[in-house]
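Welcome! Take a moment to look over the sequence and the 3D view, and then we will walk through the structure together.

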Amino acid sequence: MAAIEIRDLTKQFGDVNAVDGLDLTVESGEVFGFLGPNGAGKSTTINVLLDFVAPTTGSASMLGLNVADDREELHRRIGVVPENYGLYDRLSGRRHVELAVDLKDASDDPDALLDRVGLSPADRDRPAGEYSTGMSQRLALAVALVGSPELLILDEPTGGLDPNGARELREIIVAENERGATVFFSSHILEQVEAVADRVGILQDGRLVAVDSIEHLRRDLDGGARVSLHVDREPDRAPSDLPNVRDVAVADGVVEGTCLEPGAKLAFIDRVREAATVTDVRIEESSLEDMFASYTSEGADANRAEPASSVEVQS
Amino acid sequence: MSVRTVARKDLADAGRSKSLWAVTLLVLFTTAGITALVGMASDQPTGEVFQLAFQLAVLTLPIVALVIAKGAITGERESGSLRMLLSLPPSRYDVLLGKFLGRTALMLVATLVGGVATGLVVVTTLGGGLDLLVPFVASLGLMTVAFVAVGVGISAASASDGRATAFAVGAYMTFVALWNLVQAGVQGAAVELGLIEAGSQPAWLEFVAMFPPNRAAVAVYQSTVAGGQVFAADPFASVWFPVALLLAWIVVPVGFGYLRLRDADIA
């Protein structure tokens, strides 16, 4: 059974389609990164999943339960860090977790959860109104973990976390996934998604423009890797006749070429070594930023694969 | 059960804030304090003193109750804690009902403390009148719950705290401060339209006069202390009718607020 199933979901605000005919399936047990620039419709989609807003048309279910009709049972079995959530300023961090334990009929030890998210014993007794953004995020995560949820929904969970906190969050995501939880999290920060997600979905203008693993997306995009070779002397002729190597350039003692598949890198290096001694090698994988930009910008490079052809929307 | 947990949390939250103590003091002053002042400053009989204290309490307690209640939902909506609460099992219905019960408990505790203090004041300064204390506290308690319901209903139906405040002040002005004008306006319009003759007092006009919760509470108190029957021939002189009106004032605003909150986008 799918952890999340969204069918032909549309949400209009006035004349604007915040989400426009979205179909998405997140399989049970995967870590799914929901990616897109701000305003792409990520939050609206999650708001529908959480029954915060009603869809204009279409339907959504999680764990086989309708997000609106079965919300009480559903919310007992999922854990959520919503976007723009607030805390109760006068209640301590521990009270927040106790409240969630109460409301979910769970039996967790609040202190164990707060240990896991790294909120110190002194901090957890302070009123949440005094918390920094990072501390609030840790507390919100502890609340989400109450009841060992089958599905974790994290909306921009890294906002406000320092690099250390972001790393700890990734570790928790991995641990929860190993426990058996499906993790669905949204972000506009690409490296966060790249580091933990099994699959990513890229949303743009309320539509899904790609769903695949990071590796597949990268390959399908045909972005290739940029190989730069420092040489003792520049070859007379640029080695531009190799298959799967393009954009070859020679300048300032460096021979550069974009290699479209791993084997091409070796072939390219070998070819250059026939003519010169290579003193240094640098390889730059096409960054997720490039990939992301090519998916979400109108004027994607014409040489690149048509993004739509790589879309593999599950059904 | 979610409703109870939400209500308890709301009350605990209020207990940590200064609002509980401010409200209790305010209620204490408007009931026991005023009664004591009137009792000591004049030689009026006990019943008159209670009457005066009651007239003052129906002016002050409604605004206290409205202020306590109007942020019940909008406050959580603006801080975003509503999003956290609704991402947990409680439904909007649970949250609304829990909030209403929490704020009601807060107001009732304050009213009860005020009522008991009033009783003590009356017994010590006037020596007697305890029989009036029960209808005094009961009618005021019922009225404050009705105003809490109005405030929570307004809060549930409002998108922002500012709007809820405006509506709460509007409700106070209409029902408490300006109802004589409303009543006169309705009567004048009815005469203009030829529905009634000038000076006549048909039953529906009596109903208009009794309509706001504060007026209904006065009717409950007066008919009770006048030895009024629960079920008299004239509904406006009997106890059941204004009590039923007050109960409607509790159910209808909360129900209306729920319908609005149910369909709202919590974004």
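## A helix at the end of the list

Let's begin with helix α12 of chain B, residues 240-262: its 23 residues reach 32 Å from the first C-alpha to the last, close to the 33 Å expected at 1.5 Å a residue. Keep in mind that this is a predicted model.

Which residues of α12(B) are buried? They are B:F241, B:P242, B:V243, B:L245, B:L246, B:W249, B:I250, B:P253, B:G257, B:Y258 and B:L261. The cover over these buried residues includes four other helices of chain B: α6 (92-125), α7 (130-157), α10 (203-210) and α11 (213-225).

## Chain B as a whole

Now zoom out. Chain B has 12 helices and 0 strands, so its radius of gyration is worth checking next: at 20 Å, it is close to the 18 Å that the globule rule gives for 267 residues, and chain B is therefore as compact as a globular protein of that length. Along its principal axes, the C-alpha trace of chain B spans about 55 × 55 × 30 Å.

How much of chain B is buried? Buried residues account for 46% of its 267 residues.

## Chain A and its two domains

Turning to chain A, the domain assignment gives domain 1 (2-218) and domain 2 (224-285). Taken over C-alpha atoms, the centres of these two domains of chain A are separated by 44 Å.

## A helix tucked inside chain A

Helix α6 of chain A (residues 133-145) has 13 residues and reaches 18 Å from its first C-alpha to its last, close to the 18 Å expected at 1.5 Å a residue. Why can we call α6(A) largely enclosed by the rest of the structure? Because 11 of its 13 residues are buried. Among them are A:M135, A:L139, A:V143 and A:L145, and also A:R138 and A:Q137.

Just after α6(A), look for A:G147, which takes a positive phi of about 80 degrees.

## Where the chains meet

Finally, look at the contact between the chains, which takes 23 residues from chain A and 20 residues from chain B. On chain A, the helices α2 (71-77) and α3 (93-103) each supply at least two residues of the side that touches chain B. What kinds of residues make up that side of chain A? They divide into 13 nonpolar, 4 polar and 6 charged.

Notes
Residues are numbered from 1 along each chain as its sequence is written. Chains are lettered from A and ligands numbered from 1 in the order in which they are written. This is a predicted model: local features need pLDDT of at least 70, side-chain atom pairs count only at pLDDT 80 or more; totals for chains, interfaces and linings use all residues. Domain bounds come from an automatic or database domain assignment. The radius of gyration is taken over C-alpha atoms; the globule rule is 2.2 Å times the number of residues to the power 0.38. A residue is buried if 20 or more other C-beta atoms lie within 10 Å of its own, exposed if 12 or fewer, and partly exposed in between; C-beta atoms are placed from the backbone. The expected span of a helix is 1.5 Å times one less than its number of residues. Two residues are in contact if their C-beta atoms, placed from the backbone, lie within 7 Å. Ala, Val, Leu, Ile, Met, Phe, Trp, Tyr, Cys and Pro count as nonpolar, Asp, Glu, Lys and Arg as charged, and the others, Gly among them, as polar.
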